[in-house]
Amino acid sequence: MRRTRFGLRTITGLLLAGLVAAGLSPGTAGAAAKAVRGPDLALGRSVTATGSHPGHPAAHLTDGSQLTYWEGPLGSFLQSVRIDLGGTVRVDEVVLKLPAAWEARTQTLTVEGGTDGSSFTALSASAAHRFDPDRANTVTLTFPARDVRHLRIRLTANTGWNAAQLSAVEVYGEDGGEGPGRPPADGTDLALGRPVEASSTIHSFVAAHANDGRIDTYWESAGHPATLTVRLGAEADVTAVVLKLNPDAAWERRTQSIEVLGRDRSSSAYTTLKARADHTFDPAGNGNTVTVPVTGRVADVQLRFSHNSAGYGAQVAELEVRGTAAPNPDLTVTTLDWTPAAPTETDPVTVRATVRNAGTAPSAAATLSVSLEGTVVGSAPVGALAPGASATENNNVLSRSIVVGRGAAVPYTEYEAEDGAYRGSLLTADPVRTFGHTNFATESSGRESVRLDSTGQYVEFTSTTATNSIVVRNSIPDAPGGGGTEATLSLYADGTFVRKLGLSSKHSWLYGTTDQPEGLTDTPQADARRLFDESHALLDGTYPAGTTFRLQRDADDSAAFYVVDLIDLEQVAPPAEKPAGCVSVTEYGAVPNDGIDDTTAIQRAVTADQRGEIDCVWIPAGQWRQEQKILTDDPLDRGEFNQVGIRDVTVRGAGMWHSQLHTLTPPHQAGGINHPHEGNFGFDIDDNTRISDLAIFGSGTIRGGDGGAEGGVGLNGRFGKNTRISNVWIEHANVGVWVGRDHSNIPDLWNPADGLEFTGMRIRNTYADGINLTNGSHDSTVQNSSFRNTGDDALAVWSSKHVKNPAADTGHDNHFRNNTVQLPWRANGIAIYGGHGNTVENNLVYDTMNYPGIMLATDHDPTPFSGQTLIAGNGLYRTGGAFWNEDQEFGAITLFAQGLDIPGVVIRDTDIHDSTYDGIQFKAGGGAMPDVRISDVTISKSNNGSGILAMGGARGSATLTNVTVTGSAEGDVLIEPGSSFVINR
């Protein structure tokens with residue numbers, strides 16, 4: 001019998017230390033543990049390489065940071081780097097570094113020097129040098145002093161990676177002198193490849209084009225005024241800003257009005273480096289290049305544009321910032337260990353870390369945070385450190401539940417019906433997993449299920465853990481006229497009858513051949529979808545591990561047939577006690593289990609908390625009927641519907657199995673003051689709200705069709721800051737959670753989600769999305785949550801343009817981590833539409849009906865993608881499918897640039913298995929998908945497609961590193977005719 005496991009995997013390598021510096025503090029140099037060398041003569045100097053990975057250029061070698069690094073082309077040796085020191089100096093020492101936290105490796109290399117750039121003499125002969133994290137991954141080479149201007153390092157082998165790698169090259173002279181003067185304005189470009197952002201963007205001319213090293217791409221704003229900001233990563237003494245447009249004559253003469261500003265790391269405001277002035281770009285005169293001399297020590301540089309004589313928005317093909325890296329602290333973690341060495345999920349863990357200042361300036365006091373797969377689980381203070389000094393900290397300040405491995409750490413154990421003993425018919429999907437034509441097996445977990453047609457037929461399985469509850473995913477017939485039927489199925493334990501389980505088809509069975517969800521109906525016809533629903537029950541006692549359970553069709557179980565897909569068994573904890581300071585809704589008139597509407601009492605309790613009259617709302621164990629949304633009555637009556645949410649409220653329940661809100665009235669029949677699409681149940685949230693340990697059960701039966709009937713939303717609103725939602729079960733809603741409102745909806749209340757957290761969510765059987773983060777939601781997280789049978793994307797970031805400022809209010813830095821998604825009956829498992837810095841990490845996605853497991857797309861008119869979008873550590877099983885009249889085939893991971901480009905995509909550490917069509921698919925849509933990085937990915941058994949497919953018309957490129965593809969029906973890697981897409985292997 002197959003069991004879905006969510007256990008521990010090896011923790012080594014998963015604990016990652018992050019440092020949050022609090023800024024520089026003068027006067028700490030006296031704490032130095034040892035003397036510091038003279039100045040680094042290579043700092044900020046011009047550097048070139050025979051070859052470089054696009055994401056790790058040679059400029060990183062002299063930027064003063066041990067965290068950034070240069071990497072040569074994969075699988076290509078010999079490689080060399082050359083540094084121009086700006087003048088001839090007497091040199092006797094070279095220090096080579098890799099990032100201090102990297103594992104040990106040995107590189108074979110030679111160091112050479114010369115004065116004319118063409119003739120070189122060995123300073124340190126070819127030898128194998130070990131970079132060891134115990135020694136901060138630093139190798140020091142000393143030699144008799146020589147006069148050198150040009151330094152060359154030649155690398156021929158690396159035991160840790162199939163490419164040459166260095167993060168820093170430092171050069172020192174025997175006399176500790178000041179060396180040559182600072183490099184001219186045409187020296188190192190400190191902005192190349194650094195994070196860059198713009199106040200606005202038009203079409204696909206995104207900010208990232210402004211420092212990608214190419215003049216055939218460019219950024220353009222949507223109008224004036226406009227700003228373009230580049231973050232240098234560390235403070236630098238800047239001497240010039242160089243602005244370029246394409247020198248082609250087609251880019252005719254134009255004048256742009258530009259102000260140059262900067263700020264250091266300790267400042268939030270920008271100061272002017274060069275006042276606003278008109279600068280002329282002329283392909284015939286200055287080659288469309290303008291150099292603006294500036295002076296200052298800054299970490300960020302900003303350009304403010306107020307005019308372009310060509311009539312366009314602000315335009316920049318390349319922004320270069322010239323100068324030298326200033327002395328900076330560079331805090332790195334050189335050792336990291338923990339006790340116990342092999343912890344379980346319940347063990348307290350103490351982390352011991354050594355922090356070293358590998359920089360050239362003192363560091364201020366800082367905080368060391370330890371994270372496990374993206375979640376901060378501990379922190380400790382780190383005192384000020386002089387250059388070269390170290391400190392060791394025991395890190396156990398913060399205690400938080402963590403999830404190790406992929407997927408959610410769910411409290412239940414799942415059993416597949418087909419993996420047990422059964423007497424009935426095994427249903428198995430066809431090879432293309434046809435959907436929408438009453439295909440039970442396609443809609444089944446694992447694409448198999450068991451059908452019981454006759455009395456005495458059963459599904460039987462043996463439990464591996466103790467349980468006192470059961471969930472059965474099943475299908476029984478609809479009523480002849482629609483609307484569902486009810487029936488029972490008999491539960492036995494070790495041969496003894498336990499109880500009848502109540503099953504219903506009220507919330508399943510949608511009909512029609514259209515793929516537009518609002519066009520489906522609940523009036524029976526030949527073609528049906530959304531065939532399954534779930535039944536759950538608390539049992540009277542606990543059944544130990546090893547119990548044999550049987551779901552059996554007895555003579556009085558009256559449905560015409562039963563299809564059993566899967567069973568969840570869970571040991572549910574007793575109801576929690578009321579926390580101190582909380583006030584029960586019963587104090588406001590609510591009565592459990594009486595079938596009478598409790599909305600008024602619950603609303604009164606919530607309002608009392610919002611007014612500060614009580615500290616917390618307590619919903620005890622029981623069934624509580626709710627027929628109106630809990631919200632804030634708008635005293636100004638703005639708009640046709642009340643769309644003001646609650647704020648400064650805490651609502652707690654006794655547990656999701658115990659404190660359950662439910663509605664009996666279909667949302668479209670409920671009336672009331674809130675928006676009909678948002679329904680008559682759940683909560684409307686505006687800001688600073690905490691809701692935990694309860695269930696919200698809606699009464700939706702359809703999405704949109706048949707007179708606009710719609711299932712409502714469990715949780716919706718602006719959400720704002722400091723909102724936390726944990727351990728909430730939502731079922732039979734149209735949408736589980738919709739985060740965000742359009743700015744036009746009461747502009748005075750604009751307050752997009754910022755730092756919103758969802759944990760332990762259980763979202764089931766919806767007609768649309770599970771959780772959608774939209775309307776400027778940022779820095780928010782959904783983690784350790786499970787989703788099943790959603791009717792649209794189970795998880796989505798939609799960087800909508802219906803915001804206050806589309807250039808600034810993008811969906812960014814949102815994270816989907818350690819979630820389990822099963823059986824979306826429409827759309828994707830996880831989707832990202834626009835924005836930047838969003839991540840999809842360590843999730844499991846199973847059995848999508850018709851769309852990808854993970855999709856990045858620019859349909860739905862989002863703001864542009866920029867920066868990096870990360871897909872890492874995921875597992876996708878039996879995903880992808882055919883949709884839109886079954887004419888469009890989707891891969892397990894699909895990139896769809898419909899008009900706008902999708903830059904900055906990284907896919908790594910991912911397993912893709914048993915895909916319906918392609919493993920990874922680059923879809924044609926007009927936009928480009930440039931420089932996609934795919935590494936450490938395994939793709940097996942792409943049943944009706946390729947391992948990796950670039951469709952005809954697809955544009956862009958991808959580089960594959962350690963990618964394994966096997967068992968593909970149509971080839972491992974396929975570029976269709978008509979595609980300009982390039983795949984580098």
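A cavity is a set of grid points where a 1.4 Å probe fits but cannot get out, and lining residues have an atom within 4 Å of a point. The model described here is predicted. A search of the whole structure finds 4 cavities of 30 Å³ or more.

**Second largest cavity**
- The volume of the second largest cavity is about 90 Å³.
- Its lining holds 15 residues. Nearest the centre of the cavity lie Asp-40, Gly-64, Ser-65, Ala-168 and Glu-170.
- Strand 9 (residues 168-172) supplies the largest share of this lining, with 3 residues.
- By class, the lining of the second largest cavity splits into 5 nonpolar, 5 polar and 5 charged residues.

**Second largest pocket**
- Strand 42 gives the most, with 3 residues.
- The pocket lining comprises 15 nonpolar, 17 polar and 11 charged residues.

**Helix 1 and its surroundings**
- Helix 1 covers residues 599-610, 12 residues in total.
- From first C-alpha to last, helix 1 reaches 16 Å, close to the 16 Å expected at 1.5 Å a residue.
- Its buried residues are Thr-599, Ala-601, Ile-602, Gln-603, Ala-605, Val-606, Ala-608 and Asp-609.
- These buried residues pack against four named strands: strand 37 (616-619), strand 38 (622-625), strand 39 (646-653) and strand 40 (659-662).
- Arg-604 also belongs to helix 1. Arg-604 counts as partly exposed because its relative accessibility is 48%, between the 20% and 50% cut-offs.
- The C-alpha atoms of Arg-604 and Ala-429 are 51 Å apart, and the two residues are 175 residues apart along the chain.
- Asn-593 sits in the loop between strand 36 (582-584) and helix 1. Its phi is positive, about 65°, although Asn-593 is not a glycine.
- Asn-593 counts as exposed because its relative accessible area is 55%, over the 50% cut-off.

- Asp-687 lies in strand 41 (residues 683-697).
- Asp-687 counts as buried because its relative accessibility is 13%, under the 20% cut-off.
- The Asp-687 side chain reaches the backbone nitrogen of Lys-721 at 2.8 Å.
- The side chains of Asp-687 and Asn-751 are joined by a polar contact of 3.0 Å.
- Leaving out residues up to four places away in sequence, Asp-687 touches Ile-646, Arg-647, Asp-648, Phe-719, Gly-720, Lys-721, Thr-723 and Asn-751.

**Ile-983**
- Ile-983 is part of strand 68 (residues 982-984).
- With a relative accessible area of 15%, Ile-983 is buried.
- Leaving out residues up to four places away in sequence, Ile-983 touches Ile-948, Ala-958, Leu-960, Val-973 and Ile-975.
- Gly-956 is 27 residues from Ile-983 along the chain, and their C-alpha atoms are separated by 8.8 Å.

**Backbone features in loops**
- The peptide bond from His-224 to Pro-225 is cis, with omega near -5°. Pro-225 is placed in the loop between strand 11 (219-220) and strand 12 (226-244).
- Thr-339 and Pro-340 are also joined by a cis peptide bond, with omega about -5°. The loop holding Pro-340 runs between strand 18 (331-339) and strand 19 (350-357).
- His-732 is not a glycine, yet has a positive phi of about 60°. His-732 is in the loop between strand 43 (724-731) and strand 44.
- His-732 counts as buried because its relative accessible area is 10%, under the 20% cut-off.

Technical notes. Residues numbered from 1 in each chain as written. Predicted model: local features only at pLDDT ≥ 70, side-chain atom pairs only at ≥ 80, totals over all residues. Heavy atoms only, no water. Helix = DSSP H or I, 4+ residues; strand = E, 2+ residues; numbered from the N terminus. Expected span 1.5 Å × (residues − 1). Buried < 20%, exposed > 50% of the residue type's maximum accessible area, 1.4 Å probe, protein only. Contact = heavy atoms within 4.5 Å. 1 Å grid on protein atoms, 1.4 Å probe; cavity = no way out; pocket = protein on both sides within 12 Å on 5 of 7 lines; lining within 4 Å. Points joined across faces, edges and corners; volume = space filled by probe spheres on them. Nonpolar A, V, L, I, M, F, W, Y, C, P; charged D, E, K, R; others polar. Polar contact = N/O pair within 3.5 Å; in protein donor to acceptor, adjacent residues only side chain to side chain.
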